[in-house]
Amino acid sequence: MKRTRTVLIIAIMLALLLFFLTSCGAPQAEPTTPNTYLPSVMYDGSLYLSTFKQISGEVDSLAIVGKVSSTVPLSQLPTENGQANFEALDAPYAITDEGLAVLVDSEWILFSTDASADGHLINPDGTISPTTIDEIDLIIHERNRAILDGDTEKAEQLQQKLIEAGAVPGN
């Protein structure tokens with residue numbers, strides 16, 4: 001009986017060891033980054049992206065052409081006229097000489113259909129980063145892989161690259 005118990009314990013230990021060894025070699029899920037878009041508004045069938053620039057001067061009340069009627073998460077793009085992907089429900093928007101302006105936090109912010117950013121980050125001050133969004137995605141992927149691999153030095157270097165590119169706020 002003692003021998004049967006010993007064999008059973010050894011068999012259980014071998015099964016556990018086999019389980020842990022095979023699970024360590026299992027492919028790990030690739031890290032993902034949330035899909036987020038620039039704040040956007042759909043007006044007259046066109047998608048307007050935030051430039052983060054405050055328009056110069058005041059907006060004439062006659063220029064107001066509508067209000068944001070619905071919102072979707074920042075992870076989605078607006079698909080209906082009057083829809084925004086940021087918290088702006090009932091915010092008025094107007095056509096100005098500079099483009100579409102939306103009243104955000106008591107400031108008229110310029111939105112544009114112009115794709116002048118051409119795949120580059122638009123910094124909060126309205127300037128265009130030399131780093132492309134594809135490059136940012138690659139750096140984030142490499143940083144996340146370094147984190148998963150436990151390579152903190154590489155992860156910190158890649159985090160610094162993201163800060164320098166304007167993709168994340170610095171400390």
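Predicted model: local features only at pLDDT ≥ 70, side-chain atom pairs only at ≥ 80, totals over all residues.
The secondary structure of the chain amounts to three helices and 10 strands, which follow one another along the sequence in the pattern α-β-β-β-β-β-β-β-β-β-β-α-α. Of its 171 residues, 29% count as buried, and the chain exposes about 11,700 Å², of which carbon and sulfur atoms supply 56%. Among contacts with a separation of 6 or more, 55% are accounted for by residues 24 or more positions apart.

Strand S8, spanning residues 107-112, is mostly covered, five of its six residues being buried. This strand runs antiparallel to S2 (residues 46-54), to which three bridges join it, and in this pairing Leu49 has Ser112 as its bridge partner. Five bridges join S8 to S7 (residues 100-104), again in an antiparallel arrangement, with Val102 standing opposite Ile109. S7 and S8 form a hairpin with two residues between them, and in the turn Asp105 has a positive phi of about 50°. Beyond its neighbours within four places in sequence, Ile109 is in contact with residues including Ser50, Phe52 and Ile55, as well as Leu100, Val102 and Val104.

The largest nonpolar core comprises 12 residues, namely Val41, Tyr48, Val68, Ala84, Phe86, Ala88, Ala91, Tyr93, Leu100, Val102, Ile109 and Phe111. To this core S7 and S8 each supply at least two residues. Apart from it lies another core, of seven residues, among which are Ile55, Ala63, Trp108 and Leu110.

The count of aromatic pairs comes to three. Phe86 lies in the loop between strand S5 (83-84) and S6, whereas Phe111 lies in strand S8, so that the pair ties together parts 25 residues apart in sequence. Both partners are covered: Phe86 is buried with a relative accessible area of 15%, and Phe111 counts as buried at 1% relative accessibility. Ring pairs also link Tyr43, Tyr48 and Tyr93 into a cluster.

Terms used. Residues numbered from 1 in each chain as written. Heavy atoms only, no water. Buried < 20%, exposed > 50% of the residue type's maximum accessible area, 1.4 Å probe, protein only. Helix = DSSP H or I, 4+ residues; strand = E, 2+ residues; numbered from the N terminus. Pairing = 2+ DSSP bridges. Core = buried A, V, L, I, M, F, W, Y, C linked by side-chain atoms within 4.5 Å. Contact = heavy atoms within 4.5 Å. Areas by Shrake-Rupley, 256 points an atom, 1.4 Å probe, with all protein chains shown as cover. Phe/Tyr/Trp six-rings, centres within 6.5 Å; stacked < 30°, edge-to-face > 60°.
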